[in-house]
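The sequence and structure are shown first.

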Amino acid sequence: MSNQHDASSAAEVAGASRSLGDGDAALKNRRLAHSIARVLAFEGFTMSINGIGSPWIAKSFHLGESGIAGLFAWISLSAIGALGLSRMIDRLGRRRMVLVCMAGTSVSALAAAFSTNIAAFAVCEIALYAFIGATVAGCIVILAEELAIAERAWGQSLGGLGMGLGSGLCLIVMPMVASRHSWRWVLVLASAIGVAALWRAARVIPESGRWQRAAASGTTSASSFYDAFGQLYRRRAITILVCALLANIAGIAGSSWAYFHLVSVVGLTPGAASVLMLLGGGVGMLGFPLAARSCERYGRIPTIFVAALMTGLGALAFYWGPPAHLGLRWLWIGITYCCFTAGLSAGQVGGNSLATELFPTAIRGAMMGWFALVGAAAAVSAQTLIAVLAARLGGLSIVVGYLSLLAIPNAIIVALFLPETRGLSLEAAAMEEAFEKPGS
């Protein structure tokens with residue numbers, strides 16, 4: 001009887017220890033996700049400055065619609081730098097490179113603020129967006145590698161919320177600062193926010209345990225940029241990069257010109273446009289938690305499919321405007337903008353979850369760099385098409401509406417050619433064991 005009692009007591013103690021361990025792990029994961037969300041809020045604020053500030057930037061550099069689109073196309077070349085930095089995320093570590101790139105973002109933002117020559121401004125912005133792209137890539141990878149199976153989509157949604165809140169803050173700040181002083185001061189503010197965010201991140205964000213194990217085994221040093229296109233991952237890589245190209249053309253075209261459309265085409269005042277975008281974007285951010293729930297309940301691919309349809313059709317309705325006989329014009333604009341932004345939010349959660357789960361630890365950061373490079377190609381393509389076709393097809397908004405429809409073939413390709421990863425461990429989803437390098 002005593003032995004039974006001792007065994008029972010031992011089992012209770014062991015159970016209590018496991019519960020305590022699970023509680024500590026859950027608390028650690030929440031702190032990590034919240035820390036990453038704060039970093040991405042800073043990046044979202046800084047990333048949004050060009051899109052929201054485009055009317056003032058165009059005026060400052062004496063650019064028309066085609067001119068400002070051309071400037072943004074040049075800036076999109078930043079993804080070449082983001083690709084190299086993302087590869088260093090695999091070689092040097094997730095945490096180290098996230099901190100380095102945050103510092104680079106702050107310095108580049110400050111340099112851009114004081115650049116009065118358009119060429120110097122473009123160079124600073126190329127560096128700025130390269131650091132932003134690498135920071136975002138590193139944060140997405142950390143969330144995928146450190147969170148539990150059931151928490152990965154939630155972590156990506158929290159990161160997306162952080163970026164959305166940062167963008168919303170920029171929407172509030174930009175009209176207030178640009179109308180009274182200069183849009184350049186918003187870049188100065190972004191630099192200051194970056195310094196504060198860097199100090200906090202350095203204290204909280206740990207190095208990825210999965211990366212440490214891969215680095216210790218020599219897998220990361222033996223891998224290369226091109227492993228994603230080897231026999232094992234070629235189908236996945238090509239398919240997902242084609243999808244990323246189509247989705248980014250649609251999303252970048254729609255999100256880059258919403259404020260410009262409302263101010264310069266619809267004729268709203270800067271303040272009214274900011275309020276509408278802030279409210280619509282706030283409602284649209286419901287796409288993040290809803291997509292996280294959908295990813296875990298229905299899967300990544302169904303979530304991406306529905307989100308892409310919402311993005312394409314919502315953007316088309318937003319940019320092409322309400323029917324001429326419709327009285328409540330503002331209601332049409334608000335609803336379509338909410339639909340468009342909710343689709344973008346949900347697609348980001350599903351896309352980030354799927355993309356990080358399909359590739360192994362040794363090349364996960366590099367794959368994020370390939371996504372950035374494809375995103376740059378999409379941005380250059382989108383902005384160039386807008387610049388070339390705006391005058392021929394009846395205006396910038398008409399072209400953006402056409403480009404937004406590319407989200408629909410993206411949804412179809414994802415559904416037909418990519419595997420579902422819901423409920424799988426990161427190792428199983430990425431076929432980690434099959435990823436072997438000579439000498440590993």
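Two residues are in contact when heavy atoms of each lie within 4.5 Å. The model described here is predicted.

## Nonpolar cores

The largest nonpolar core comprises 111 residues. Phe121, Trp183, Ile240, Trp257, Phe359, Met367 and Phe371 have the most contacts inside this core. Helix α6, spanning residues 118-146, makes the greatest contribution, supplying 15 residues.

When residues up to four places away in sequence are not counted, Phe121 touches Asn50, Ile57, Phe61, Leu71, Ile75, Ala112, Ser115, Trp183 and Leu187. One of these partners, Trp183, is likewise listed with Phe121 among the core residues with the most contacts.

## Ser294 in helix α14

Ser294 lies in helix α14, which covers residues 287-297. Its relative accessible area is 18%, so Ser294 is classed as buried, the limit being under 20%. Apart from neighbours within four places in sequence, Ser294 contacts Gly299 and Thr303.

## Positive phi at non-glycine residues

His62, although not a glycine, has a positive phi of about 60°. His62 belongs to the loop between α2 (49-60) and α3 (65-75). Because its relative accessibility is 73%, His62 counts as exposed.

Met431 is also not a glycine and has a positive phi of about 55°. Met431 is located in the segment after α20 (426-429). With a relative accessibility of 27%, Met431 is partly exposed.

Note on methods. Residues are numbered from 1 along each chain as its sequence is written. This is a predicted model: local features need pLDDT of at least 70, side-chain atom pairs count only at pLDDT 80 or more; totals for chains, interfaces and linings use all residues. Side-chain values use heavy atoms; hydrogens and water are left out. Helices (H or I, at least four residues) and strands (E, at least two) are DSSP runs, numbered from the N terminus. Buried means under 20% relative accessible area, exposed over 50%, partly exposed in between (1.4 Å probe, protein chains only). A nonpolar core is a set of buried Ala, Val, Leu, Ile, Met, Phe, Trp, Tyr and Cys residues joined through side-chain atoms within 4.5 Å.
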